[in-house]
Amino acid sequence: MTISQIDFLKGHGTENDFVILPDPDNALDLTASVVAGLCDRRAGIGGDGLLHVVRSAAHPEARAMADEAEWFMDYRNADGSIAEMCGNGVRVFARYLQRSGSVEEGDLAVATRGGVKNVHLAKDGDITVSMGRAQLPATGVTVTVGSRSWDARNVNMGNPHAVAFVEDLAHAGDLFSEPSFGPAEVYPDGVNIEFVVDRGPRHVAMRVHERGSGETRSCGTGACAVAVAAARRDAADPAMSGTPVTYTVDLPGGTLVITEHPDGEIEMTGPAVIVAQGKIDPAWLETLNG
C-alpha cells in the first residue's frame, strides 16, 4: 500500500465486532495477510471481520449491482478470507454510512456478495436488514464435538450453516477450533456451525463457530439460520400458514429478533454501534504484506 493516510473505525453489532475501512474508490490493496493483521486482537486493531466500504461502481464484484445499491460491503473474515455475507456486518456498515453523512434514517440498499440487501435505519436506533430467503438443502449433516454428535439442519443464508439443537450450550465445547462436521463434501468451502437451546416459546439461545473467525459473540446470518431451523422443527412454515413467524435469538453479545414472512423473506432487527475511529500507521501496514 502506498497511500499515506488510512482512516479506520471500529464498530459492533451485538458484540460481533469489525474493523471498518472507508475506501470509496477501491484504492486499498487488501491482501489476506493485511486483513488478518488488522483483525489481530493482540498485534492489530482487532475484530471478528473487516468491512471494506466501497462504492459499488468502483468494485469489479459489485458493478452489476451499482444501479440498485450505491455502496458495496466487501466483507472479509478475520483470517483474511472472503465471505459472501455478514448480517451483523451489514447493520454496522449501514451505521457507518449514516455516521459519515452518506445516508440518513430510512431505507438503504447495500450490495454484498450474497446479493443486494435492503436495510432500514429506524429512529429508535435499531437497524432492520432484509436478509433474503433461506435455502434448506435436504442433505443430512452431522456435527460432532468430543464424544457427542448431533443431526444438524443444513441452512443457507447466502453463506452455509449447520444448526444443531443441543441440551446445553456448554456441549459445544470451547469453539476455539472448528467442530467436526460431515459429510465434508456438503460444505466444500467450510461452514458456520450453530449450537442452539430453547429458552421459551419462539425464544432460543445460541453459540456459533464462524468459519475463518472461530467463536464470535454474535452472527446475524447464523441467527437467521437458527430461527428458520427452529421454526421448521416446531412445524412452523410461513409459506404454508400465510402468517409471519418471529423468533427471539439470544447470543453471547446480545439479542436479535428474526422474522420470516410468508414470501420467504427474512428480516433481522438489532443494534449497531460505532465505538472508535482513528488512523492506521502506513509504515506498520506495509509490514503486513511482508
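These entries cover a few strands, then helices, then cavities.

**Entry 1: before anything else**

I noted that this is a predicted model.

**Entry 2: strand β1 and its neighbours**

I started with β1, residues 6-13, and found it mostly covered, with six of its eight residues buried. I then looked up its pairing. Strand β18 (residues 273-280) runs antiparallel to β1 and is joined to it by seven bridges. There, Lys10 stands opposite Ala276 of β18.

β1 also pairs with strand β2 (residues 16-22), again in the antiparallel sense, over five bridges. His12 has Asp17 of β2 as its bridge partner. I checked the turn too: the hairpin of β1 and β2 has two residues between the strands, and Thr14 takes a positive phi near 45° there.

**Entry 3: strand β4**

Is β4 enclosed or open? Seven of its seven residues are buried, so the rest of the structure largely encloses β4. I kept one rule in mind while viewing the side chains: in a regular strand they alternate between the two faces of the sheet. In β4, Trp71, Met73, Tyr75 and Asn77 point one way, while Phe72, Asp74 and Arg76 point the other way. The residues of both sets are buried.

For partners, I found seven bridges between β3 and β4, in the antiparallel sense. The link from β4 to strand β5 (residues 106-112) is parallel and has two bridges. Trp71 stands opposite Val110 of β5.

In α1, residues 32-39, I listed Val34, Val35, Gly37, Leu38 and Cys39 as buried. What covers them includes β2, β3 (49-55), β4, β18 and α5 (282-288).

Next I checked the length of α2 (residues 87-99). Its 13 residues should span 18 Å at 1.5 Å a residue, and its end C-alpha atoms are 19 Å apart, which agrees. α2 is mostly covered, with eleven of its 13 residues buried; among them are Arg91, Phe93, Arg95 and Tyr96. Just after α2, Gly101 takes a positive phi of about 85°.

**Entry 4: the largest cavity**

How many cavities of 30 Å³ or more are there? I got a count of two. The largest holds about 80 Å³ of space. It is lined by 14 residues, and Asn77, Met85, Asn159, Asn192 and Glu210 lie nearest its centre. I was glad to meet β4 again here: β4 (71-77) and α3 (220-233) each supply at least two residues of this lining. By class, the lining has five nonpolar, seven polar and two charged residues.

**Entry 5: the second largest cavity**

The second largest cavity has about 30 Å³ of space. Its lining is made of Ala227, Val228, Ala231, Val245, Tyr247, Ile258 and Glu260. The elements giving two or more residues to it are α3, β15 (245-251) and β16 (254-260). Which element gives the largest share of this lining? That is α3, with three residues. By class, I logged six nonpolar residues, no polar and one charged.

Note on methods
Residues numbered from 1 in each chain as written. Predicted model: local features only at pLDDT ≥ 70, side-chain atom pairs only at ≥ 80, totals over all residues. Heavy atoms only, no water. Buried < 20%, exposed > 50% of the residue type's maximum accessible area, 1.4 Å probe, protein only. Helix = DSSP H or I, 4+ residues; strand = E, 2+ residues; numbered from the N terminus. Pairing = 2+ DSSP bridges. 1 Å grid on protein atoms, 1.4 Å probe; cavity = no way out; pocket = protein on both sides within 12 Å on 5 of 7 lines; lining within 4 Å. Points joined across faces, edges and corners; volume = space filled by probe spheres on them. Nonpolar A, V, L, I, M, F, W, Y, C, P; charged D, E, K, R; others polar. Expected span 1.5 Å × (residues − 1). Contact = heavy atoms within 4.5 Å.
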